Amino acid sequence: MGTAVLRMQAELPLGRLIYASATAATELQNMAYLVRLGLWGPGTGFASFGAFRSEMTAAGPAAQELLPLHLKATGRLVSRLISFEGVPITVAT
């Protein structure tokens with residue numbers, strides 16, 4: 001899937017697209033095809049996706065949790081949660 005999206009983006013440099021995924025930001029390796037988010041490449045702090053992934057991995061879970069928040073705050077990610085309203089929950093201790 002990711003290689004097809006990368007190829008499409010390369011072949012259609014002016015094409016408009018929407019990334020739609022239920023899991024894109026859950027694992028860093030799932031983000032490799034998201035080149036148009038502007039997180040790595042020319043004009044960013046990371047020369048490549050590999051550099052981005054290495055730095056984010058080294059920074060740990062806190063940085064990885066901040067990434068979706070940053071994407072949401074800059075309008076590059078929209079996410080929805082399923083409501084648990086009306087769902088009975090029992091906490092066992």
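This tour steps through a predicted model, one selection at a time.

**Stop 1: helix 3**

Select residues 61–73. This is helix 3, with 13 residues. From its first C-alpha to its last, helix 3 reaches 19 Å, close to the 18 Å expected at 1.5 Å a residue. Now show the side chains of Ala63, Leu67, Pro68 and Leu71. These residues of helix 3 are buried. What do the buried residues of helix 3 pack against? Their partner is helix 2, residues 49–59. Before moving on, step past the end of helix 3 to Gly75. Gly75 follows the helix and has a positive phi, near 75 degrees.

**Stop 2: helix 2 against helix 3**

The axes of helix 2 and helix 3 come within 5 Å. They cross at roughly 120 degrees. Helix 2 and helix 3 are therefore oblique to each other.

Next, colour the two sides of the contact. On helix 2, pick Phe52, Met56, Thr57 and Ala59. On helix 3, pick Pro61, Ala63, Gln64 and Leu67. These two groups meet. By class, the contact has six nonpolar residues, two polar residues and no charged ones.

**Stop 3**

In soluble globular proteins, nonpolar side chains tend to be buried together.

Centre on Leu67. Which residues is Leu67 in contact with, leaving aside neighbours within four places in sequence? They are Leu28, Met31, Leu39, Phe52 and Met56.

**Stop 4: Gln9**

Move to helix 1, residues 2–11, and select Gln9. Is Gln9 buried or exposed? Gln9 is buried, with a relative accessible area of 6%. Show its surroundings, not counting residues up to four places away in sequence. Gln9 touches Leu17, Tyr19, Tyr33, Val35 and Arg36.

**Stop 5: two glycines in one loop**

Go to the loop between helix 1 and helix 2. Gly38 lies there, and Gly45 is found in that loop too.

Take Gly38 to begin with. Gly38 is partly exposed, at a relative accessible area of 37%. With residues up to four places away in sequence set aside, Gly38 touches Thr44 and Arg76. Draw a distance from Gly38 to Arg76. Their C-alpha atoms are separated by 9.4 Å, though the two are 38 residues apart along the chain.

Finish at Gly45. Gly45 is exposed, with a relative accessible area of 71%.

Methods: Residues numbered from 1 in each chain as written. Predicted model: local features only at pLDDT ≥ 70, side-chain atom pairs only at ≥ 80, totals over all residues. Heavy atoms only, no water. Helix = DSSP H or I, 4+ residues; strand = E, 2+ residues; numbered from the N terminus. Expected span 1.5 Å × (residues − 1). Buried < 20%, exposed > 50% of the residue type's maximum accessible area, 1.4 Å probe, protein only. Contact = heavy atoms within 4.5 Å. Axes fitted to C-alpha atoms, helices over the stretch in contact; angles between N-to-C directions. Parallel < 35°, antiparallel > 145°, perpendicular 65-115°, else oblique. Nonpolar A, V, L, I, M, F, W, Y, C, P; charged D, E, K, R; others polar.
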